[in-house]
Amino acid sequence: MALSKEVVKKVAISYAYVAIWISLSFAVIVYNKYILDPKLYGWPFPISLTMTHMAFCSSLAYLLVRVLQVVDPVTNMTREFYLKNVVPIGALYALSLWFSNSAYIYLSVSFIQMLKALMPVAVYSIGISLKKETFRSNTMANMISITLGVAIAAYGEAKFDAFGVFLQLGAVAFEATRLVLIQILLTSAGIKLNPITSLYYVAPCCFVFLALPWAVMEMPRLIQTSSFHFDLLIFGTNSLCAFALNLAVFLLVGKTSALTMNVAGVVKDWLLIAFSWSVIKDMVTPVNLFGYGIAFLGVAYYNHAKLQAMKAAEEAKTSKAAGEGGGDEEAGKLLEEKQLKNGDDYEKKSEEKN
C-alpha cells in the first residue's frame, strides 16, 4: 500500500510539472503575441522584446549562479572553448528568437503552432547533413508525412502571409541547427548545460548578437516613436514569464524526461490552437485542422519511435550489466570451488603426513 501511495505521489508530481510548463509556455506565447501584434498592444519591435528577455534572463541567471550559488557553473568552461563552441550556439539562438517573435506580427498563433510541427523534420534533416543522425527510410517517410500535413495546413490558412511563413520556417531551421550543434559542440565534449547555466552562458552573447540588427532596424524607429514609454508592468511580467519558463523546463526534464516535454508540447499546441480560435478569434479552417491532424500523427509516431528506441537502449544496458554481474558471480563460484579444492588437498596431505 505504501508503494502504491509513492507511485501515485510521483505521478501527481510529474503531472504538476507538466501543467506548470504548459501554463508558462502558453503564457509566454500569448503574451508575446499580445505585445507584438499591431491590433493588440501594438509594439511591433521583436528584436527589442527579445533583447529585453535576454537582459532580464542574463541578470537573474548571474544572480542564481554567482551570487546565490543555487546552480554550479561549468568548471571546465575556458575562454577558448566558450568562443569556439558556445558563441555559435548563442548566435543561432538569437536568430531563432528574433525570427520566431517577428512571425507573431504577421501570423496567427494557431498557424504558428502548426508550422512548429516541422521541428522534428528540421532536426532530423540537419542531423543527417551533419552526420549526427543515420538515414532510415521509415523515419524519412514519417518526416515527409509531417511535411505534407503542414503543407495542407498552410494551404488552408485563411490569412496566409508569405513573409510571416518565411520568418517562422527560418526560426525552425535556426532552432533545429542549434539543437544539433549542442549535441556536437557541447554534449560530445562532456559539457551539459541545464536551462539556468545555458542562460548564464548563452543569453549575454545572444544579447550582443541582437544589438547590431537592433541598432540598424529598430533603434531609429524607437527614437521616432516619442510617445512610447517603457511599461515596467508589461515588460517586467513578460520577461519574468520567459525566465520562469526556463526554470519549468529545468524541473520538467530533470524530474521526468525530455520526451515527456515533447509529448506535453503536443498537448500545448492543441490548447493554443483552441485558444487562438475561441478567444483571440483567429480563423481556423477545416483544411487547417485536417493538415495539422496529419502532422500531429506523424509527430506522435516520431515520439513513440524515440520512446521505443530509449527503452531498447535501456534494456540493452541492463542486460549488459546483468551479464557482467553474472560473469562476476560465475567467477566467484569458480574461485570458491578452487579454494575448497585447495582446502581439501591440504587436509588430505595433512592426513597423509600424520
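Here are some questions and answers about a predicted model.

Q: How far apart are the end C-alpha atoms of helix H7, residues 162-186?
A: Let's start with what to expect from helix H7, which has 25 residues. At 1.5 Å a residue, helix H7 should span 36 Å.

Q: Which residue has a side-chain oxygen reaching the backbone nitrogen of Phe 163?
A: Look at the start of H7 for this one. A side-chain oxygen there comes to within 3.1 Å of the backbone nitrogen of Phe 163. That oxygen belongs to Asp 161.

Q: Is Leu 186 buried or exposed?
A: You can find Leu 186 in helix H7. Its relative accessible area is 4%. Buried means under 20%, so Leu 186 counts as buried.

Q: What distance separates the C-alpha atoms of Leu 186 and Asn 85?
A: Along the chain, these two residues are 101 residues apart. Even so, Leu 186 touches Asn 85, and its other contacts include Phe 81, Val 86 and Ile 89. The C-alpha atoms of Leu 186 and Asn 85 are separated by 7.0 Å.

Q: Are H3 and H7 roughly parallel or roughly antiparallel to each other?
A: The axes of helix H3 (residues 79-106) and H7 come within 8 Å and cross at roughly 160°. Angles over 145 degrees count as roughly antiparallel. H3 and H7 are therefore roughly antiparallel.

Q: What is the relative accessibility of Lys 131?
A: Lys 131 sits in the loop between helix H5 (119-129) and helix H6 (137-155). Its phi is near 60°, a positive value in a residue other than glycine. Lys 131 counts as exposed, and the cut-off for that is over 50%. Its relative accessibility is 76%.

Q: Where does Lys 281 lie?
A: Lys 281 has a phi near 70°, which is positive although the residue is not glycine. With a relative accessible area of 62%, Lys 281 is exposed. Lys 281 lies in the loop between helix H10 (258-278) and helix H11 (286-353).

Q: Which residue's side chain is joined to that of Lys 268 by a polar contact of 3.3 Å?
A: Lys 268 belongs to helix H10 and is buried, with a relative accessible area of 9%. Among the residues Lys 268 touches are Trp 21, Ile 22, Phe 26 and Gln 113. The partner in the polar contact of 3.3 Å is Ser 25.

Definitions and conventions. Residues are numbered from 1 along each chain as its sequence is written. This is a predicted model: local features need pLDDT of at least 70, side-chain atom pairs count only at pLDDT 80 or more; totals for chains, interfaces and linings use all residues. Side-chain values use heavy atoms; hydrogens and water are left out. Helices (H or I, at least four residues) and strands (E, at least two) are DSSP runs, numbered from the N terminus. The expected span of a helix is 1.5 Å times one less than its number of residues. A polar contact is a pair of N or O atoms within 3.5 Å; within protein, one must be able to donate a hydrogen and the other to accept it, and residues adjacent in sequence count only if both atoms are side-chain atoms. Buried means under 20% relative accessible area, exposed over 50%, partly exposed in between (1.4 Å probe, protein chains only). Contact means heavy atoms within 4.5 Å. Axes are lines fitted to C-alpha atoms, for helices over the stretch in contact, and angles run from 0 to 180 degrees between N-to-C directions. Angles under 35 degrees count as roughly parallel, over 145 as roughly antiparallel, 65 to 115 as roughly perpendicular and the rest as oblique. Lists of a residue's contacts leave out its neighbours within four places in sequence.
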